[in-house]
Amino acid sequence: TIELAAKGVRLTRRDRRCRSSMAAQRGGGGAADGRYRVPFTGFRTPPEVRAMLRVLSDDGRVERKRQFRPVLEAVVGCLQVGGGTPVLPDDAMQKASKAIALAYDDVVVLFTGLLHVLRVAVRARVDDDTFRGDLAKLGFPDTYLADVCGVLRRGRASLEAALAGGGGGGAPAAPA
């Protein structure tokens with residue numbers, strides 16, 4: 001920074017953050033003393049996760065037991081059956097939407113967001129405390145956090161096996 005200042009180049013806050021995050025990636029700077037760590041979702045919050053957080057953050061929009069848990073169970077089922085490329089057919093999404101009395105678009109957003117979060121966490125082998133902390137920092141509501149963390153903790157072995165076996169290629173499988 002001193003060299004750049006001597007040349008008349010002015011660093012913005014964004015430039016400083018980028019430099020510190022690059023140093024953290026290399027293992028220097030903020031990573032050594034624990035001030036900066038990249039969340040398991042990556043530097044930028046994926047759009048699927050942002051959309052899911054918007055749906056979950058609206059008070060009263062999604063009921064935990066009656067609406068959220070069935071979608072979470074569907075995600076886990078698809079990950080276990082579909083492996084690397086899980087897909088839930090549209091008609092199954094519509095049936096689930098009617099069964100839990102939640103808008104179809106909200107079901108799709110919850111499904112894709114939870115699918116992304118769980119798949120990335122399992123593939124990255126994120127431990128439970130890091131998973132909980134990163135989701136909390138993203139703004140994941142506490143009422144749903146215990147359910148998602150519990151699913152990851154209890155089903156980690158079967159999810160890892162399914163994702164390792166599913167590998168990413170092949171045709172998507174629909175749950176039975």
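The legends below walk through close-up views of a predicted model.

**View 1**
Before zooming in, take a moment with the overall fold. This predicted model has 8 helices and 0 strands, and reading along the sequence gives the pattern α-α-α-α-α-α-α-α. Of the 176 residues in the protein, 35% are buried.

**View 1. F40 and F131 form a tilted aromatic pair.**
Searching the whole structure turns up 2 aromatic pairs. In the pair shown here, the ring centres of F40 and F131 are 5.3 Å apart and the ring planes meet at 40°, so the pair counts as tilted. Where do the two partners sit?

**View 2. F68 and Y144 make another tilted pair.**
Here the ring centres of F68 and Y144 lie 4.7 Å apart, with planes at 45°, so this pair is tilted too. F68 is in helix 4 (residues 64-82) and Y144 is in helix 8 (residues 142-166), so the pair ties together parts of the chain 76 residues apart in sequence. Are these two residues buried or exposed? F68 is buried, with a relative accessible area of 0%, and Y144 counts as buried at 5% relative accessibility.

**View 3. Helix 6 carries a list of buried residues.**
Helix 6 (residues 104-123) has 20 residues and reaches 28 Å from its first C-alpha to its last, close to the 28 Å expected at 1.5 Å a residue. Which residues of helix 6 are buried? They are D106, V107, L110, F111, G113, L114, L115, V117, L118, A121 and V122. A handy rule for reading such a list is that an α-helix has 3.6 residues a turn, so residues three or four places apart point the same way.

**View 4. D106 is a buried residue of helix 6.**
D106 lies in helix 6 and counts as buried at 10% relative accessibility. What does D106 touch, once its neighbours within four places in sequence are left aside? Its contacts are V55 and R61.

**View 5. Helix 3 packs obliquely on helix 6.**
Two packed helices are described by the angle between their axes and the distance between the axes. For helix 3 and helix 6, the angle is about 125° and the axes are 8 Å apart. That makes helix 3 oblique to helix 6, and the crossing is left-handed. Helix 3 contributes E48, V49, A51, M52, V55 and L56 to the contact, and helix 6 contributes D106, V109, L110, T112, G113, L114, H116 and V117.

**View 6. Helix 5 crosses helix 6 roughly at right angles.**
Helix 5 (residues 90-100) packs on helix 6 at an angle of about 115°, with the axes 9 Å apart. The two helices are therefore roughly perpendicular to each other. Which hand does this crossing have? Helix 5 passes helix 6 in a right-handed crossing. On the helix 5 side, D90, M93, Q94, S97 and I100 take part, meeting Y104, V107, V108 and F111 of helix 6.

**View 7. T41 sits in a loop and is buried.**
T41 is found in the loop between helix 2 and helix 3. T41 is buried, with a relative accessible area of 11%. Leaving aside neighbours within four places in sequence, T41 is in contact with P46, V120 and L138. The C-alpha atoms of T41 and L118 are separated by 10.0 Å, although the two residues are 77 residues apart along the chain.

Most residues other than glycine have a negative phi, and most peptide bonds are trans. A101, in the loop between helix 5 and helix 6, has a positive phi near 55°. R125 follows helix 6 and its phi is also positive, near 55°. The place of R125 is the loop between helix 6 and helix 7. At 62% relative accessibility, R125 counts as exposed.

Notes: Residues are numbered from 1 along each chain as its sequence is written. This is a predicted model: local features need pLDDT of at least 70, side-chain atom pairs count only at pLDDT 80 or more; totals for chains, interfaces and linings use all residues. Side-chain values use heavy atoms; hydrogens and water are left out. Rings of Phe, Tyr and Trp (its six-membered ring) pair if their centres lie within 6.5 Å; planes under 30 degrees apart count as stacked, over 60 as edge-to-face and the rest as tilted. Helices (H or I, at least four residues) and strands (E, at least two) are DSSP runs, numbered from the N terminus. Buried means under 20% relative accessible area, exposed over 50%, partly exposed in between (1.4 Å probe, protein chains only). Contact means heavy atoms within 4.5 Å. The expected span of a helix is 1.5 Å times one less than its number of residues. Axes are lines fitted to C-alpha atoms, for helices over the stretch in contact, and angles run from 0 to 180 degrees between N-to-C directions. Angles under 35 degrees count as roughly parallel, over 145 as roughly antiparallel, 65 to 115 as roughly perpendicular and the rest as oblique. A crossing is left-handed if the near helix is turned anticlockwise from the far one by less than a right angle, and right-handed if clockwise.
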